Amino acid sequence: MTAAEAAGRALGRAPRWVGNLLSFRNRLAPLVGLNATADTRNSDLVANLPLMHSDDRKTVFGYDDHHLLFRLVVDVGEGPADGQIVGITTLVRSRSLMGWLYLAAAIPFHKAIIPSLLTVVEQPGQNTPGRK
């Protein structure tokens, strides 16, 4: 599996509660001065995240906001298909007090979301958005 395939599985088959949580975040973000969506004029999108870089082993999504810099990195290790190691990392750099406050509120959710995305990567099947 390539990193792009793993990212497609993770983001394309995210549990419904993750999608609902992100929709809620996108409604609240503008109220506190954060961008609800990223500038996508010069990038491909996967699950509403701009693609920044992709090769067989690493795919990076992300955007820069006035308050923070956000990256989601999907790594796939070498090895046989049944033994590959897939990792998902979120990297966020705060650029302001509002960014720090947002980050403090978001970390507990990221700690729940990322493991659930990794669970769907290992499940066989097609990308089916909105799964329960």
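**Figure 1. Thr119 in helix H3.** Helices are DSSP runs of H or I with at least four residues, numbered from the N terminus. In this predicted model, Thr119 belongs to helix H3. Helix H3 covers residues 97–121. Is Thr119 buried, partly exposed or exposed? Buried means under 20% relative accessible area and exposed means over 50%; Thr119 has 38%, so this residue counts as partly exposed. Arg13 lies 106 residues from Thr119 along the chain, and the C-alpha atoms of the two are 10.0 Å apart.

**Figure 2. The order of helices and strands.** The protein chain contains three helices and five strands. Read from the N terminus, the order is α-α-β-β-β-β-β-α. The chain has 132 residues, of which 33% count as buried.

**Figure 3. Helix H1 and its cover.** Helix H1 spans residues 3–12 and is mostly covered, with seven of its ten residues buried. Which residues of H1 are buried? They are Ala3, Ala6, Ala7, Gly8, Ala10, Leu11 and Gly12.

**Figure 4. A nonpolar patch on the surface.** Four residues, Phe24, Leu28, Leu31 and Val32, make up a nonpolar patch on the surface. Together they have about 390 Å² of accessible area. Phe24 sits in helix H2, which runs over residues 16–28. The relative accessibility of Phe24 is 43%, and therefore Phe24 counts as partly exposed.

Figure 5. Strand S2 (residues 49–54) pairs with S3 in the antiparallel sense, over three bridges. His53 has Val60 of S3 as its bridge partner. Three residues form the hairpin that joins S2 to S3. Strand S3 (residues 58–64) also pairs with strand S4 (residues 68–76), again in the antiparallel sense but over seven bridges. Lys58 stands opposite Asp75 in S4, and Phe61 has Leu72 of S4 as its bridge partner. A hairpin of three residues links S3 to S4. Why is S3 described as largely enclosed by the rest of the structure? Five of its seven residues are buried, so S3 is described in this way.

**Figure 6. Strands S4 and S5.** How many bridges join S4 to strand S5? There are nine, and the two strands run antiparallel. Strand S5 covers residues 86–94. One of the facing pairs is Val76 and Val86, the latter in S5.

**Figure 7. An aromatic pair.** A pair of aromatic rings is described by the distance of the centres and the angle of the planes. The whole structure has one aromatic pair. Tyr63 and Phe70 form this pair, with 5.5 Å from centre to centre and 35° between the planes. Tyr63 and Phe70 are both buried.

**Figure 8. The largest nonpolar core.** The largest nonpolar core consists of 22 residues. Which residues have the most contacts inside this core? They are Leu49, Leu72, Ile88 and Leu117. The elements that supply two or more residues to the core are H1, S3, S4 and H3.

Note on methods
Residues are numbered from 1 along each chain as its sequence is written. This is a predicted model: local features need pLDDT of at least 70, side-chain atom pairs count only at pLDDT 80 or more; totals for chains, interfaces and linings use all residues. Side-chain values use heavy atoms; hydrogens and water are left out. Patches are made of residues with over 30% relative accessible area and no salt bridge: like charges are joined within 9 Å, nonpolar side chains (Val, Leu, Ile, Met, Phe, Trp, Tyr) within 5 Å. Accessible areas come from the Shrake-Rupley method with a 1.4 Å probe; for residues, only the protein chains shown count as cover. A salt bridge is a side-chain nitrogen of Lys or Arg within 4 Å of a carboxyl oxygen of Asp or Glu. Buried means under 20% relative accessible area, exposed over 50%, partly exposed in between (1.4 Å probe, protein chains only). Two strands pair if DSSP finds at least two bridges between them. Rings of Phe, Tyr and Trp (its six-membered ring) pair if their centres lie within 6.5 Å; planes under 30 degrees apart count as stacked, over 60 as edge-to-face and the rest as tilted. A nonpolar core is a set of buried Ala, Val, Leu, Ile, Met, Phe, Trp, Tyr and Cys residues joined through side-chain atoms within 4.5 Å.
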